[in-house]
Amino acid sequence: MTSLRAFTCDDLFRFNNMKGGFFVDLFVRVSNQVAVNMYKQLGYSVYRTVLEYYSASNGEPDEDAYDMRKALSRDTEKKSIIPLPHPVRPEDIE
């Protein structure tokens, strides 16, 4: 399963690079350290924390997410992945 995810992320990275994007991002539950570590190994970094991004069920509290980014070749100065110093809310995401 991990190798399939890595393949999919690599394809997404190449596609966006060809289209001239600045970065690729994805959202991961803060509690999912296995995924966070896997994406870090693939070159992603935590850009920001999004408060209550995931809705909970069964009376549990909503869960925060990490917006993880990987800069593409167009972003030569890596400005798109400079971490934000404060968390944001889902409605603040562009």
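What percentage of the 94 residues of the protein count as buried? I looked this up before anything else, bearing in mind that the model is a predicted one, and found that 28% of the residues count as buried.

**Entry 1, overall layout.** I noted two helices and three strands in the protein, and reading from the N terminus I wrote their order down as α-β-α-β-β.

**Entry 2, strand 1.** I took strand 1, residues 23-29, and sorted its residues by face: Val24, Leu26 and Val28 lie on the covered face, while Phe23, Asp25, Phe27 and Arg29 lie on the uncovered one. I set beside this the general point that side chains in a regular strand alternate between the two faces of the sheet. Looking for the neighbour of strand 1, I found that it pairs with strand 3, residues 63-71, in the antiparallel sense and over seven bridges. For Arg29 I noted Ala65 as the bridge partner in strand 3.

I listed the largest nonpolar core, which has eleven residues: Val24, Leu26, Val28, Ala35, Val36, Met38, Tyr39, Tyr44, Tyr66, Met68 and Leu72. Strand 1, helix 2 (33-41) and strand 3 each supply at least two residues of this core, and helix 2 gives the most, with four residues. I compared this list with the faces of strand 1, and Val24, Leu26 and Val28, the covered face of that strand, are among the core residues.

I counted three aromatic pairs. Because Phe27 lies in strand 1 and Tyr53 in strand 2 (residues 45-54), the pair ties together parts that are 26 residues apart in sequence. Phe27 is partly exposed, with a relative accessible area of 25%, and Tyr53 also counts as partly exposed, at 32% relative accessibility. Tyr39 and Tyr44, in turn, form an edge-to-face pair, with 5.8 Å from centre to centre and 75° between the planes. I checked the cover of these two residues as well: Tyr39 counts as buried at 12% relative accessibility, and Tyr44 is buried with a relative accessible area of 4%. Finally I noted that Phe27, Tyr53 and Tyr54 form one aromatic cluster.

Where does the side chain of Arg69 reach at 2.8 Å? I traced it to the backbone oxygen of Ser80. For Ile81 I noted a C-alpha to C-alpha distance of 6.0 Å from Arg69, although the two residues are twelve apart in sequence.

Definitions and conventions:
Residues numbered from 1 in each chain as written. Predicted model: local features only at pLDDT ≥ 70, side-chain atom pairs only at ≥ 80, totals over all residues. Heavy atoms only, no water. Buried < 20%, exposed > 50% of the residue type's maximum accessible area, 1.4 Å probe, protein only. Pairing = 2+ DSSP bridges. Polar contact = N/O pair within 3.5 Å; in protein donor to acceptor, adjacent residues only side chain to side chain. Core = buried A, V, L, I, M, F, W, Y, C linked by side-chain atoms within 4.5 Å. Phe/Tyr/Trp six-rings, centres within 6.5 Å; stacked < 30°, edge-to-face > 60°.
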